Amino acid sequence: MAELSRESGVAIATIKYYQREGLLPPGELTSPNQADYGPAHVRRLKLVRALTEVAGLSVAAVRDVLAAIDEPRTSLHDVLGSAQPGLPSASAQDVTEADREWAARRIDEVVAARGWRPPPRSVLVETLAGVLCAYRAVGHEWALDSLSTYAESADRVAAADIEALAQLRSAENIVEGAVVGTVLGDSLLAALRRMAHAEASRKRFDRT
């Protein structure tokens, strides 16, 4: 286990905790006090670490993701979907029914235009509704005039993400990459957007 800890970067106490919670299978016993761990254990540990430390998923949510990975009849699309609900998100709270209906209409327009098929009662749709309602609440609906442009850009980013993930070899690596890529990728896109804002502002408004 000490070697497994060094290889994975996960503390021994944490490894034992993951084993108690059923997130990591036991090693192959070679003596009453020693077990062998292989590359599969290292991959699983790295995935669990990404799901818990980067994405902030609960142990129960991680257990669900791992169950989906270990079920051979589960498609990779469904495996990735099992991780999505646990990722950080906002939701439409403390808004009027009129605001919810307004947001739903805006979302329906975008979904229809892009040909997207979000599942019913999707947490992603609820998150988007929350964002739209927040724009409306602070009186900046004008910013949503570019919603279709944002959706088109999101399509291109998502296509690039999925193409990169498809190059990974195992379902565990793909899920880990998707989770880390989503959480850190949001920050990456935000930083790039601010850099682009600065350049666009310089070209439009800088008179020097």
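Biologist: What should I know about the model before I start?

Modeller: It's predicted, so local features need pLDDT of at least 70 and side-chain atom pairs count only at pLDDT 80 or more, while totals for chains, interfaces and linings use all residues. Residues are numbered from 1 along each chain as its sequence is written, and side-chain values use heavy atoms, with hydrogens and water left out.

Biologist: How many salt bridges does a search of the whole structure find?

Modeller: Side chains of opposite charge can pair when their charged atoms come close. Here, a salt bridge is a side-chain nitrogen of Lys or Arg within 4 Å of a carboxyl oxygen of Asp or Glu. The search turns up 13 of them. R43, R44, D70 and E172 even link up in a network.

Biologist: Which parts does the pair R114 and D155 tie together?

Modeller: The closest N and O atoms of R114 and D155 are 2.9 Å apart. R114 sits in helix α6 and D155 in helix α8 (residues 147-165), so the pair ties together parts 41 residues apart in sequence. Helices here are DSSP runs (H or I, at least four residues), numbered from the N terminus.

Biologist: Is K203 buried or exposed?

Modeller: Buried means under 20% relative accessible area, exposed over 50%, partly exposed in between (1.4 Å probe, protein chains only). K203 is exposed at 63%, whereas E199 is partly exposed at 33%.

Note on methods. Helix = DSSP H or I, 4+ residues; strand = E, 2+ residues; numbered from the N terminus.
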